[in-house]
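Dear colleague,

Please find below the structure that I am handing over to you. My findings follow directly after it.

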Amino acid sequence: SRMSNRRILWSGGFDSTFVVIDALHSGDKVEPYYVQQSTDGQAWQKQRREQAAIERIIAGFPSELANGLLSPTPIPIIIHDIWASYRRHWFELNDRAEGALFSQQTPLLSAIGELLDGIEVGLVIGDSALSGPSGDLLDAHKVCRPLSGLTKAQIYKTAATSGFDEYLRMT
């Protein structure tokens, strides 16, 4: 199979780490992106933990780094740069949702998908794992790349079978 170049949004969490490592395991080149949000308080603490997890995981792939299959640091997506797009998607969703609640991640992912064509997002919603926002929003946002409907337990089992479950435990 031909090696593909994959843009992946990597938060340092379980789901997105699986997408990154599964891509590397398949011999694909990974261009990881990371959303850089605020620089204060709890959000900053969480961001530092996520970045530390990403750094530890990247360190476990020396040959991929040496061969240029993995960037040594994720490319930051600065929240300020996509704010206008985020707000527009938020208002569009709010109009469509007609009072129903929706995840704040959905307009964020839509804005990122608009900025970076074809980016993948590892996200388990309920029992189905999706690379992209949920349900009927998938077609609308053109961000998705399905992860064949895996649950978290199945993701972990797949990682264990392929021998990279230790990295998921770092998240």
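Phe-61 counts as buried, since its relative accessibility is 9%; buried means under 20% relative accessible area, exposed over 50%, and partly exposed in between (1.4 Å probe, protein chains only). This is a predicted model, in which local features need pLDDT of at least 70 and side-chain atom pairs count only at pLDDT 80 or more, while totals for chains, interfaces and linings use all residues. Residues are numbered from 1 along each chain as its sequence is written, and side-chain values use heavy atoms, with hydrogens and water left out.

A search of the whole structure gives four aromatic pairs. Rings of Phe, Tyr and Trp (for Trp, its six-membered ring) pair if their centres lie within 6.5 Å; planes under 30 degrees apart count as stacked, over 60 as edge-to-face and the rest as tilted. Phe-61 and Tyr-167 form a tilted pair, because their ring planes stand at 35°, with the centres 4.8 Å apart. This pair links distant parts of the chain, 106 residues apart: Phe-61 is in the loop between H2 and helix H3 (62–66), and Tyr-167 is in helix H8. Helices (H or I, at least four residues) and strands (E, at least two) are DSSP runs, numbered from the N terminus. Tyr-167 is likewise buried, at 10% relative accessibility.

The rings of Trp-83 and Tyr-86 are stacked, because their planes lie at 20°; their centres are 5.1 Å apart. Both residues belong to helix H4, three residues apart, or about one turn of the helix. Trp-83 is partly exposed at 44% relative accessibility, whereas Tyr-86 is buried at 14%.

Ser-85 also lies in helix H4 (residues 83–97) and is buried, with a relative accessible area of 12%. Beyond its neighbours within four places in sequence, Ser-85 is in contact (heavy atoms within 4.5 Å) with Ala-111 and Glu-114.

I turn now to the nonpolar cores. Such a core is a set of buried Ala, Val, Leu, Ile, Met, Phe, Trp, Tyr and Cys residues joined through side-chain atoms within 4.5 Å. The largest has 21 residues, and Leu-24, Val-30 and Phe-61 have the most contacts inside it. At least two residues each come from helix H1 (14–25), strand E2 (29–36), helix H2 (41–59), helix H7 (152–162) and helix H8 (165–168). H1 supplies the largest share, six residues. A second, separate core of 13 residues includes Tyr-33, Tyr-86, Leu-109 and Ile-112.

With kind regards
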